[in-house]
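Please look through the sequence and the model shown below. The paragraphs after them go through the structure part by part.

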Amino acid sequence: MSIGQNIKRLRESHGMSQLQIAEIAGVTDKAVSTWENDVKIPRMGAIQRLADYFGITKSDIIEDETVQSLNPLLLYPNAIPIRGKRAVPIIGSVACGEPIYNPGDGTEYILAGDDMSCDFALIAEGDSMIGDRIQSGDIVFIRRQDDVDDGSIVAVAIDGELTLKHISRLRNADGHILHTCLTASNPKYPPIIIGGANETREARILGKAVAFRSMLP
């Protein structure tokens, strides 16, 4: 079982609510819900508090014996199989619409495959990237790089605020970038054009989106 499934089994075997588990772990009941749904993994401190309360070891909670009864690749050929797991920090939210940035406190993580080349994750907000099947609430995995090909989906900081868009650039004959165009995949959103003699905004590419994880309702 996964960490979240182990916590859920432990809770249900003692007839406890998510709120009661949250009070023991020192978190909110919403956090416990994300654990049990394998959206996020708890910090080691929370796991230790649960282990101490129930008189078990941390390994009893952390041990993962997940066995998939159905291979999702048979249903979703474009899905990325997870081979091994590692914790990737969720650093905040990225707008799929107007730029926003809600910084995380560096303590939230989500599991990713060892073979996924990413450095951090962001939570999508808004609907401007639904043409790429990225919905509000999805987790977007980002590989940190500032040199990307035109057409890539990138996380861009505009005056310190993040947005997720397709990128393309207009260059002059010597290759100098004249304008950068950030385009949504939802046609109701106009492109964001950066550059030109009168440009006062500061824009920086934080990285390229390499994968996303959809959150089912």
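A residue is called buried when its relative accessible area is under 20%, exposed when it is over 50%, and partly exposed in between, with a 1.4 Å probe and protein chains only. By this rule glutamate 36 is buried, because its relative accessible area is 10%.

The model is predicted: local features need pLDDT of at least 70, side-chain atom pairs count only at pLDDT 80 or more, and totals for chains, interfaces and linings use all residues. Residues are numbered from 1 along each chain as its sequence is written, and side-chain values use heavy atoms, with hydrogens and water left out. The predictor's confidence in each residue, from 0 to 100, is its pLDDT. For this protein the mean pLDDT is 80, and 81% of the residues reach 70 or more. Over residues 65-76 pLDDT stays under 50. For that stretch the model has seven contacts (heavy atoms within 4.5 Å) beyond four places in sequence. Where pLDDT is low, the predicted coordinates should not be read in detail.

Now to the helices. Helices (H or I, at least four residues) and strands (E, at least two) are DSSP runs, numbered from the N terminus. In helix α3, the buried residues are Ala31, Val32, Thr34, Trp35 and Glu36. Their cover includes α1, α2 (18-25) and α4 (44-54). After α3 comes aspartate 38, which has a positive phi, near 60°.

Leaving aside neighbours within four places in sequence, tryptophan 35 touches Gly4, Ile7, Ala25, Val27, Lys40, Ile41, Pro42, Ala46 and Leu50.

Charged side chains come next. Side chains of opposite charge can pair when their charged atoms come close. A salt bridge is a side-chain nitrogen of Lys or Arg within 4 Å of a carboxyl oxygen of Asp or Glu, and the whole structure has six of them. For glutamate 12 and arginine 11 the closest N and O atoms are 3.9 Å apart. Arginine 11 counts as buried because its relative accessibility is 11%, whereas glutamate 12 is partly exposed at 48%. Another salt bridge joins arginine 201 and glutamate 199, at 2.8 Å from N to O. Arginine 201 is partly exposed, with a relative accessible area of 32%, and glutamate 199 is partly exposed at 25%.

Arginine 169 is in strand β7 (residues 161-171). Is this arginine buried or exposed? Arginine 169 is buried, because its relative accessible area is 15%. Its side chain makes a polar contact of 2.8 Å with the side chain of aspartate 150. Such a contact is a pair of N or O atoms within 3.5 Å; within protein, one must be able to donate a hydrogen and the other to accept it, and residues adjacent in sequence count only if both atoms are side-chain atoms. A polar atom of the arginine 169 side chain also lies 2.5 Å from the backbone oxygen of valine 148. Beyond four places in sequence, the residues in contact with arginine 169 are Val148, Asp149, Asp150, Ile177, His179, Thr180 and Ile205.

The last topic is strand pairing. Two strands pair if DSSP finds at least two bridges between them. Strand β5 (residues 139-144) pairs with β4 (residues 120-126) in the antiparallel sense over four bridges, and with β10 (residues 203-213) in the antiparallel sense over six bridges. Phenylalanine 141 in β5 stands opposite alanine 121, and its bridge partner in β10 is alanine 211. The loop between β9 (192-195) and β10 holds alanine 197. Alanine 197 is exposed, because its relative accessible area is 84%.
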